[in-house]
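I opened this entry to keep track of what I looked up.

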Amino acid sequence: MPKPIIDTDECTGCGICVDACPNDVLELIDDVSTVVNEEACTGCGACAEECPMEAIKIEEN
Ligand code: SF4
Ligand code: SF4
């Protein structure tokens, strides 16, 4: 299953990825994007595409 990997050193907490995800996989926790619903990730890549910091990679396994 795909899942997003957040580079927490690069994340600025802007929340764009949270809004971009159609499946509510991500939430801001302590101003860092955090995977809260990994099972719902379809690997669509919207979060990674929208992140201005390029802080998200989608891991396929
Ligand atoms: S879009 Fe990028 S910088 Fe903004 S909260 Fe998400 S991971 Fe962090
Ligand atoms: S890849 Fe798609 S479904 Fe998975 S967290 Fe990113 S936006 Fe959400």
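I began with Asp-31, which sits in the loop between S2 and S3. I note that the model is predicted. Next I looked up the backbone angle. Phi of Asp-31 is near 65 degrees, a positive value in a residue that is not glycine. Is Asp-31 buried or exposed? I found 11 C-beta neighbours inside 10 Å, so Asp-31 counts as exposed, the limit for that class being 12 or fewer.

Then I took the hairpin of S2 and S3 as a whole. Two residues lie between its strands, and Asp-30 there takes a positive phi near 55 degrees. I checked how the strands run. S2 covers residues 26–29 and S3 covers residues 32–35; they pair in the antiparallel sense. How many bridges join S2 and S3? I noted four bridges. One pairing I wrote down by name: Glu-27 has Thr-34 in S3 as its bridge partner.

Val-32 was my next stop. I located Val-32 in strand S3. The cut-offs explain the label, because exposed needs 12 or fewer and buried needs 20 or more. Which residues does Val-32 touch, leaving aside its neighbours within four places in sequence? I listed contacts with Thr-8, Cys-11 and Gly-13. I also looked up a distance. Val-32 and Cys-44 are 12 residues apart in sequence, and their C-alpha atoms are 21 Å apart in space.

I turned to another loop. Glu-54 lies between helix H2 (46–50) and strand S4 (56–59). Glu-54 is not a glycine, yet I read a positive phi of about 50 degrees. I counted 10 other C-beta atoms within 10 Å, so Glu-54 is exposed.

Last came the ligands. Around ligand 1 I found 13 residues. The closest are Cys-11, Cys-14, Cys-17, Ser-33 and Cys-51. Cys-11 was already in my notes as a contact of Val-32. I sorted the shell of ligand 1 into nine nonpolar residues, four polar and no charged.

Ligand 2 has 14 residues around it. Which of them come nearest? I wrote down Cys-21, Val-25, Cys-41, Cys-44 and Cys-47. Cys-44 is the residue I had placed 21 Å from Val-32, C-alpha to C-alpha. The shell of ligand 2 divides into 10 nonpolar residues, four polar and no charged.

Technical notes. Residues are numbered from 1 along each chain as its sequence is written. Chains are lettered from A and ligands numbered from 1 in the order in which they are written. This is a predicted model: local features need pLDDT of at least 70, side-chain atom pairs count only at pLDDT 80 or more; totals for chains, interfaces and linings use all residues. A residue is near a molecule or strand if its C-beta atom, placed from the backbone, lies within 6 Å of it. Ala, Val, Leu, Ile, Met, Phe, Trp, Tyr, Cys and Pro count as nonpolar, Asp, Glu, Lys and Arg as charged, and the others, Gly among them, as polar. Two strands pair if DSSP finds at least two bridges between them. Two residues are in contact if their C-beta atoms, placed from the backbone, lie within 7 Å.
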